[in-house]
Amino acid sequence: MGENLERLNENLARIEDLSKRLVTALGARKPGDAGLEGPGQDLMMKAGMAMWQEALTNPAKMMERQAQYWGQALTHYMEVQKELAQGHLTLEQAEDLPGDKRFANPLWKTHPYFNFVKNQYLISAETMRKAVAELEGLTPRDKRRVEFFASQMIDLFSPTNYLATNPDALERAVETEGESLVKGLENLVRDLEARHGEILPVLADPKAFTVGENLATAKGSVVYRNEMMELIQYAPTTEEVHKTPLIVFPPWINKFYILDLKPQNSLIRWIVDQGYTLFVVSWKNPDASYAATGFETYIEEGYLKAIDVACEITGEKQVNAVGYCVAGTTLALTLALKAKRGQSRVNSATFFTTLTDFTDQGEFTPFLDDDFVDAIERQVDEAGYLDSYYMSKTFSYLRAKDLVYGPAVRSYMMGEAPPAFDLLYWNGDSTNLPGKMTVQYLRGLCQANGFAEDGFELMGERLHVSDVKLPICAIACETDHIAAWKDSFRGMVQMGSKDKTFILSESGHIAGIVNPPSKKKYGHWRGPEVIGTPAAWKEAATYHEGSWWPHWDSWLSPRSGEMIPARTPGSDGYPVLCDAPGTYVAESVTG
């Protein structure tokens, strides 16, 4: 008894201290941040007017929907009362959403209280989805946005998100005599303090990994550095290498070591093992001093400079280039620019999950209307850059159940520590975006779709995706929610090259690319000419088990020249500056 009382007093003292820190952390939230959190009033007015118009023109439909909802809810309530009076529970269960792990606890089916709460939630959620789906009077774009924000509300109000209606959290609290709730409060305060008052759960143990020690350990050297990037040349692992060097441009939204997490799934190591002289760009994490940095600077001081340095170190006239995500979009802009200027230092280009045609903005549609973009523009005008937090939050809410609410429940209600998961650690190690580049991307590419339509004005030229005429290979991912494969395909169709290869990998934006042959996990489609519609291409394509990496090697190898003695990093003109992964990858810039 004495031990329990002492423990209780200790927990009460911890709670008092944590409560004070909680208030302080919440007070650190910037008032201007609210503009980036939800849809503008214009959209809400449109949705409200559409519902009001429906009520006026078709009141029977609305009444029928309401009657159906109340009928289902009341019937379920009466059935619960009847079953309880009989002393047992044998109710038919409302159908869970496919793949929904939130209601795995048996108490959701066997306990009258949790069974009632769960089924009422599922009935309400389905009613709300149907109401929005049947809403008329909105443009397809506005309807898509309303559906997205409705789904966000449905996910938010899941009973699993609240202590009183989460059997897992309540069981854990009883088992630990409340210790789990105190630890959960500690986790919440920790995240709030780290995020300046914003709630976004940490997904991975930040102490479990160190870049350069147990992540990004492939042998190599930084051979060039400027204010935009460090250029890493990797040490050879074969006696001979292809004559034409290969340079990879990763996205600057996250850090490059997604391509070198562990030895067994490192694309960087695999490329080197196939006999390529490999260069990889590690981008600078920008702060307010980069406010005026736009695509022009990324191209001049990033792409063109890296290509020149790689050519000078190896003594070659050309390189093969790879661009991943937004870095692939910028590689396409660079190639269009070089074509306009009659320059050619790139022999072939490979695009990983790259968009060049933004006609359909997919799951990002809710975030690309003026209400959001205006708020982002105000934010970058004030700060000089877009804080990495906003990008992380946007990506997370595209998969809110898995990346927001699920981790929040485990961390804040169950008191669990974040897992030691390398991919999630990398996901949280995001970078800021320069102010000018952010606006150029959102306004000129996403909203205006300039590169695929009337042309994108850049560096004195009007660039169009059709200006890309060299041999290209594009890899897209079937379930990619960031760069949808059908949109990637449409952009590749418009490129002016006569030598095009398209590969569709299973899985998503990361797992579909970081898919080593040794795992034999995800397959891919390849085969027909890159023309027509995405659906027609896939129907005619041939499915192959296993990773697409070997097939890409068979495409790249004939375009990489003869085999020559392996090269060591650097040269007389470009001496080694430090070991890989370099210094820029370790930088963290906070607002």
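The legends below describe close-up views of a predicted model.

**View 1. Helix 12 and its buried side.** Helix 12 comprises residues 370-383, 14 residues in total, and reaches 19 Å from its first C-alpha to its last, close to the 20 Å expected at 1.5 Å a residue. Its buried residues are Phe372, Val373, Ala375, Ile376, Gln379 and Val380. These residues lie on the same side of helix 12, because they cover an arc of only 160° around the axis. An α-helix has 3.6 residues a turn, so residues three or four places apart point the same way.

**View 2. Surroundings of helix 12.** The buried residues of helix 12 pack against helix 6 (140-156), strand 8 (385-386), helix 13 (388-398) and helix 16 (435-447). On the other side of helix 12, the exposed residues include Arg378, Asp381 and Glu382. Glycine 384, with a positive phi near 95°, follows helix 12.

**View 3. Strand 7 and its pairing with strand 6.** In strand 7 (residues 346-352), six of the seven residues are buried, so the strand is largely enclosed by the rest of the structure. Strand 6 (residues 319-324) pairs with strand 7 in the parallel sense over six bridges, and tyrosine 324 stands opposite phenylalanine 352 of strand 7. Together with helix 11 (residues 326-340), strands 6 and 7 form a right-handed β-α-β unit.

**View 4. Strand 7 alongside strand 12.** Strand 7 and strand 12 (residues 472-477) run parallel and are joined by four bridges. Threonine 350 is placed opposite cysteine 473 in strand 12.

How values were computed:
Residues are numbered from 1 along each chain as its sequence is written. This is a predicted model: local features need pLDDT of at least 70, side-chain atom pairs count only at pLDDT 80 or more; totals for chains, interfaces and linings use all residues. Side-chain values use heavy atoms; hydrogens and water are left out. Helices (H or I, at least four residues) and strands (E, at least two) are DSSP runs, numbered from the N terminus. The expected span of a helix is 1.5 Å times one less than its number of residues. Buried means under 20% relative accessible area, exposed over 50%, partly exposed in between (1.4 Å probe, protein chains only). The arc is that of the directions from the helix axis to the C-beta atoms. Contact means heavy atoms within 4.5 Å. Two strands pair if DSSP finds at least two bridges between them. A crossover is right-handed if, with the strands pointing away from the viewer, the path from the first strand over the helix to the second runs clockwise.
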